Amino acid sequence: MMQFADGKDSKGFVPKIGLALGSGSARGLAHIGVLRAVEEAGIEIDFIAGTSMGALVGAVYAAGKLDELEAVFQSFDWKKTVAFFDVVLPKSGLLDGAEVSDLVREYVQSARIEELPKRFAAVATDIVSGEELTIASGDVIDAVRASISVPGVFTPIRSNGRILVDGGLVNPVPVSVARAMGADVVIAVDLNHEIVSGKNFKPVLPPGRLTERGDWVEGYRQAIQWIKERMLAHEIPGSAQLARWASVEEPAPNIFEVLLASINVMETRITQARLELEKPDILIQPPLGHIRFLQFARAEEIVEIGYRCAAEQLARWAETSTHG
């Protein structure tokens, strides 16, 4: 479809624009930068479909509170990151996610998706049937909380007889959902394309050895230590063994790294397959392979990478469509 500067195609038709915001844990902060670039380009978004972290950022954007969300994450350091997660062993996930729900609730004033200023949908997975579920109505917080529920990390959400987990298991970049909502043009953001190819298991450095990101290495160590202490404080059977598995001093990858790397591999492969079948009109792939699961303390860097990549891609698209 040819798009001109006034938003109309050659026949005067004004296309509806949809955003497909993909999964990516801390890499999902790049969506904030992407949205900044979209706004600067003068593109009016009609539909927002989000998976996992894309659902969280998408819901807040749909509520018109992106500035406030960005300010919160810009102030994150490793201490705030670990305080954000609530260890709840031995339930069906390591973390409860109540803090995440509170964060969304603070910035999304509407209780229901239907009340948001922009059309929004979150993608979740029914862990029992394996079905993809698009949540386009009902409680906003529950929708986001279901979509971000990384299996084994966050406890699942029960909704209408279903047990829901991360939508990234079935649709990491929900182009199809944006189309189904009514979008004529879909801008998709894929945050997982550089995660595989040898980048999953970055060796955790031994004590005293720092790199250019030494501040984060030390924070990572202390974060894991905090989680171990929380496990032991609960005096849960088997928690001592789990704490040992979480140790960053083990030569082999720890349980968290194995779990998250496995999910990364799966979501990357699913993304590749689905993007081949469900091609977006604009595909934005910020280079974020160096960002790990909980590196929210690198928000400024992540947002900037998302912004630069989106601005370049949107400019290229505008140039092509104007002269196409």
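This is a predicted model: local features need pLDDT of at least 70, side-chain atom pairs count only at pLDDT 80 or more; totals for chains, interfaces and linings use all residues.
Local features need pLDDT of at least 70 and side-chain atom pairs count only at pLDDT 80 or more, while totals for chains, interfaces and linings use all residues. Residues are numbered from 1 along each chain as its sequence is written, and side-chain values use heavy atoms, with hydrogens and water left out.

**View 1. The buried face of helix H5 (residues 98–107).** Val 100, Ser 101, Leu 103, Val 104 and Tyr 107 are the buried residues of H5, where buried means under 20% relative accessible area (1.4 Å probe, protein chains only). Seen down the helix axis, these residues fall within an arc of 160 degrees, so they line one face of H5. They pack against helices H2 (53–62), H3 (66–74) and H6 (140–147) and against strand E6 (152–154), contact being heavy atoms within 4.5 Å.

**View 2. The packing of H2 with H3.** Met 53, Leu 56, Val 57, Val 60 and Tyr 61 of H2 make the contact with Leu 66, Leu 69 and Phe 73 of H3.

**View 3. The aromatic pair of Phe 73 and Phe 296.** The two rings are stacked, at 5.6 Å centre to centre and with 20 degrees between the planes (rings pair if their centres lie within 6.5 Å, and planes under 30 degrees apart count as stacked). Phe 73 lies in H3 and Phe 296 in the loop between strand E10 (282–284) and helix H11 (299–323), so the pair ties together parts that are 223 residues apart in sequence. Phe 73 is buried at 3% relative accessibility, and Phe 296 is buried at 8%.

How values were computed:
Buried means under 20% relative accessible area, exposed over 50%, partly exposed in between (1.4 Å probe, protein chains only). Helices (H or I, at least four residues) and strands (E, at least two) are DSSP runs, numbered from the N terminus. The arc is that of the directions from the helix axis to the C-beta atoms. Rings of Phe, Tyr and Trp (its six-membered ring) pair if their centres lie within 6.5 Å; planes under 30 degrees apart count as stacked, over 60 as edge-to-face and the rest as tilted. Axes are lines fitted to C-alpha atoms, for helices over the stretch in contact, and angles run from 0 to 180 degrees between N-to-C directions.
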